[in-house]
Amino acid sequence: SPSLRTPMFVLIGSLATADLLAGLGLILNFVFQYVIRSETVSLITVGFLVASFTASVSSLLAITVDRYLSLYNALTYYSERTVLCIHTMLVGTWGVSLCLGLLPVLGWNCLHDYAACSIVRPLTKSNVTLLSASFFLIFIIMLHLYIEICKIVCRHAHQIALQQHFLTASHYVATKKGVSTLAIILGTFGASWLPFAIYCVVGDPDYPSVYTYATLLPATYNSMINPIIYAYRNQEIQRSMWVLFCGCFQSKVSFRSRSPSDV
């Protein structure tokens with residue numbers, strides 16, 4: 001449907017692909033770590049995991065940038081310039097993710113130098129530090145953008161209130177829903193990834209591996225929660241799923257700009 005061909009859904013598709021690959025990478029990594037032992041293949045699966053999780057986090061950043069642009073440049077959002085910007089972000093997201101995933105495969109690993117190992121073997125300490133620093137940078141950028149989005153949403157609600165001389169209940173609910181959705185998104189993202197990112201910096205490879213798994217587990221939950229936050233709550237996707245699997249609900253969704261409740 002035309003409503004699913006907007007730039008936002010391209011980015012959601014990128015996020016879904018990255019999370020799907022992350023789940024596949026976890027399964028393969030477990031198999032070649034504990035069932036079929038192979039250092040070479042295990043190294044490849046670790047690189048695959050780094051690339052997929054990096055693509056997932058980067059896709060979340062791209063979605064945040066898209067949401068900011070859709071509100072900041074509402075009049076010119078549905079233009080070819082926005083489409084070009086989205087495609088550029090996609091190329092950058094997957095290009096950087098692929099490069100970071102290839103680094104351990106191409107030699108930035110500690111297979112022959114145990115002293116250089118991090119809490120995530122066979123990644124080196126410097127490699128893990130780079131990944132953690134990249135995450136903190138992305139988290140700060142997302143936090144800043146979401147604060148700006150909240151300001152725009154509240155300003156729009158205030159302007160509507162001035163035009164109508166009062167803030168109606170529907171506008172108040174839409175604004176509150178939009179701000180609460182942003183809080184859920186950022187809170188979930190931070191709670192999922194911050195423990196692992198912090199442990200990558202302060203952890204020691206001699207610590208029990210259970211600590212690594214305990215901090216990495218919430219990060220994997222983020223990939224499970226993303227479909228609920230970014231897809232299940234979206235009415236266009238719900239209607240399309242009904243059409244796809246049931247064929248009993250014909251959607252007639254008009255092409256419209258994003259409202260504060262859709263942020």
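## The cis peptide bond

P122 is placed in the loop between α3 and α4 (125–164); helices here are DSSP runs of H or I with at least four residues, numbered from the N terminus. The peptide bond that leads from R121 to P122 is cis, with omega near 10°. As a general rule, most peptide bonds are trans.

## Basis of the model

This is a predicted model, in which local features need pLDDT of at least 70 and side-chain atom pairs count only at pLDDT 80 or more, while totals for chains, interfaces and linings use all residues. Residues are numbered from 1 along each chain as its sequence is written, and side-chain values use heavy atoms, with hydrogens and water left out.

Helix α1 (residues 7–35) has 29 residues and reaches 42 Å from its first C-alpha to its last, close to the 42 Å expected at 1.5 Å a residue. The expected span is 1.5 Å times one less than the number of residues. Among the buried residues of α1 are F9, L11, I12, L15, D19 and N29; buried means under 20% relative accessible area, with a 1.4 Å probe and protein chains only. The cover over the buried residues of α1 includes α2 (39–72), α3 (80–105), α6 and α7 (235–245), where contact means heavy atoms within 4.5 Å.

Helix α2 has 34 residues and reaches 49 Å between its first and last C-alpha, close to the 50 Å expected at 1.5 Å a residue. Because 26 of its 34 residues are buried, α2 is largely enclosed by the rest of the structure.

## Annotated transmembrane regions

An unreviewed UniProt entry gives the annotation "transmembrane region" to residues 9–36, 42–63, 84–108, 128–147, 179–198 and 210–232. Such annotations may be inferred rather than shown by experiment, and their positions are given in the numbering used here.

Residues 42–63 are 100% helix and 0% strand, and their end C-alpha atoms lie 31 Å apart. For residues 210–232, the span is likewise 100% helix and 0% strand, with end C-alpha atoms 33 Å apart.

## The cavity

A search of the whole structure finds one cavity of 30 Å³ or more. A cavity is a set of points on a 1 Å grid over the protein atoms alone where a 1.4 Å probe fits but cannot get out, and lining residues have an atom within 4 Å of a point. The largest cavity holds about 40 Å³ of space, a volume being the space filled by probe spheres set on the points.

Its lining consists of L60, M142, I185, T188, F189, N222, N226, I229 and Y230. Two or more of these residues come from each of α5 (169–202) and α6 (209–232), and α6 gives the largest share, four residues.

Terms used: On a 1 Å grid over the protein atoms alone, a cavity is a set of points where a 1.4 Å probe fits but cannot get out, and a pocket is an open set with protein on both sides within 12 Å along at least five of seven lines; lining residues have an atom within 4 Å of a point. Buried means under 20% relative accessible area, exposed over 50%, partly exposed in between (1.4 Å probe, protein chains only).
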